[in-house]
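Please load the model in your viewer and keep the selection panel at hand. The stops below say what to select and what to look for at each one.

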There are 2 protein chains.
Amino acid sequence: MTRSEDETRVDTLERPSLEAARETIASGIAREALVTAFGRCRVEYDGRAASSLAAGDRHVMCKPDGTILVHTDEGQKPVNWQPPGCEHTVELVEGEADTTESALILESTRSTPEERLRVTFETVLCVSVFAGTDDTDLSLVGTEEDLRERILETPDLLESGFTPLATERATPAGAVDIYGEDSAGRAVVIELKRRRVGPDAVSQLRRYVDALERDLHADAAVRGILVAPSVTDRASRLLSDHGLEFVSLEPPAE
Amino acid sequence: MTRSEDETRVDTLERPSLEAARETIASGIAREALVTAFGRCRVEYDGRAASSLAAGDRHVMCKPDGTILVHTDEGQKPVNWQPPGCEHTVELVEGEADTTESALILESTRSTPEERLRVTFETVLCVSVFAGTDDTDLSLVGTEEDLRERILETPDLLESGFTPLATERATPAGAVDIYGEDSAGRAVVIELKRRRVGPDAVSQLRRYVDALERDLHADAAVRGILVAPSVTDRASRLLSDHGLEFVSLEPPAE
DNA sequence: ATCTAAATCTCGTCG
DNA sequence: CGACGAGGTTTAGAT
């Protein structure tokens, strides 16, 4: 077979027979393409939890990395899915005689943990196979990491005289975002959040401060500072209850 | 217009002109259908954070509820997205003279928070419009809620003589999963997790126990029990450090 | 609309 | 492989 210009990048079947759909899906998976199917199906999942979904029209996407996604017409999250690294198989189950209906079964399995997703199509309205190229990486700004860099560049943003000594400093309770000391030489633990925080972030900071106080084995109290754009009321109360502090800072915008 | 049997459920164009793609996408969105496009595009996002993605072949899905998802050939998560409730627009930008290239721009915006996603196609390899029906709900078992029901049905699973008194009991630090008392009449706070837990779950439990001890204003200590299939080493250490307990229980399997 | 916590969270990173 | 924490988390429920 010769492909003069570029290889086939897209192949679509409308209202295919189940056998034609099976063949196209199987060859798409074998070619490491991105395969989609839209049609009436039911879905069973068993693994970390277990779920069942009765028949309806859904959009199914199989990626060459072993991901499978089942989308309804609502919501950002797939109604069922399987993560990258799974094995896909597609199989046609013939109805017995003329009475039972045939079905197309798309199955995805993995181990560690043992998980299985089974999509059973009674009708396939459309199958597509897409072969593309994508070499690029997403560039993202506004993360917690950006906020950390901002503080390390200009420690006075936190408070005058603050000196960062380490990032990701290990404690028995986990790694501290920024560890440093204030102008009086007191140890400071900083927990960073890129957005408004609730009680969980306060607990996290408290855990680190506790651990560090035990670890330093000194009576000199360790200061704990939560750095985020803002806090909820309850989080603010929890901060005071435990002698922790808050400084309002956002990740850089650009 | 008459549709004798059933209305058009799927409409697909392979390698359409940008104008034909625009027309099909616009009418699909207007018809409240699920619309997909595959082709070479770049993607810009600005909102809670900001991101940029150079040109590559990707799969874009617009749902009638205002969701938009941009998928590459890898990963379970879309590389870019917009949540339900957004406004979609599709627009053709003509190149100037014959020198500049035309482009198809798919844009999704929302407020609270202000967010914008822009997908700029230089080539569309396939556009599909799907109209289906899906009335069913997912049935899921193995959740934290299932674990709670299991304990409420058979409190002795936790320990002999335990009596549940309330679920979602309010404290200044948040709502406790199960509140009850042991055979000696001591107050018990239970935090449930459907899977193996780490330090965060311990902190959460500690926060509730702390708050309840203050709230009850008594010196009688409140017992805190973490109920989960298992704990990590560090979490186990944190539990002992704070006088908290652990009971191994899983959500029911069926 | 905001708060709070669960989730088959997913994803990267590090030991 | 597990552990740990970030995430434009998303989603559901309560206030």
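This is a predicted model: local features need pLDDT of at least 70, side-chain atom pairs count only at pLDDT 80 or more; totals for chains, interfaces and linings use all residues.

Residues are numbered from 1 along each chain as its sequence is written, chains are lettered from A and ligands numbered from 1 in the order in which they are written, and side-chain values use heavy atoms, with hydrogens and water left out.

**Domains of chain A**

Select residues 10-130 of chain A as domain 1 and 144-248 as domain 2; the bounds come from an automatic or database domain assignment. The C-alpha centres of these two domains of chain A are 47 Å apart.

**The sheet of chain A**

Next, show the strands β10-β11-β12-β13-β14 of chain A, which in that order form an open sheet of five strands with mixed pairing. Helices (H or I, at least four residues) and strands (E, at least two) are DSSP runs, numbered from the N terminus, and two strands pair if DSSP finds at least two bridges between them. β10 (163-171) and β14 (245-248) of chain A stand at the edges with a single partner strand each, so one side of each has no neighbour in the sheet. From one strand to the next, the twist averages 30°; axes here are lines fitted to C-alpha atoms, for helices over the stretch in contact, and angles run from 0 to 180 degrees between N-to-C directions.

Zoom in on β12 (187-192) and β13 (223-228) of chain A, which run parallel and are joined by five bridges, with V189(A) opposite G224(A).

In chain B, select β10 and β11 (174-181), which run antiparallel and are joined by seven bridges; T167(B) has I178(B) as its bridge partner in β11(B). Helix α3(B) packs on the sheet and touches β10, β11, β12 and β13 of chain B, its direction making about 155° with that of β12(B); contact means heavy atoms within 4.5 Å.

**DNA strand C**

The most residues of the surface near DNA strand C, three, come from α3(B).

**DNA strand D**

Finally, select DNA strand D, which has 29 residues around it, with R194(A), R195(A), W81(B), R196(B) and T232(B) coming nearest. Sugar and phosphate make up 81% of the atoms of DNA strand D that come within 4 Å of the protein. A polar side-chain atom of K193(A) lies 2.8 Å from a phosphate oxygen of DNA strand D, whereas for N80(B) a polar side-chain atom lies 2.9 Å from a base oxygen of DNA strand D.

Conventions:
A residue is near a molecule or strand if one of its heavy atoms lies within 4 Å of it. A polar contact is a pair of N or O atoms within 3.5 Å; within protein, one must be able to donate a hydrogen and the other to accept it, and residues adjacent in sequence count only if both atoms are side-chain atoms.
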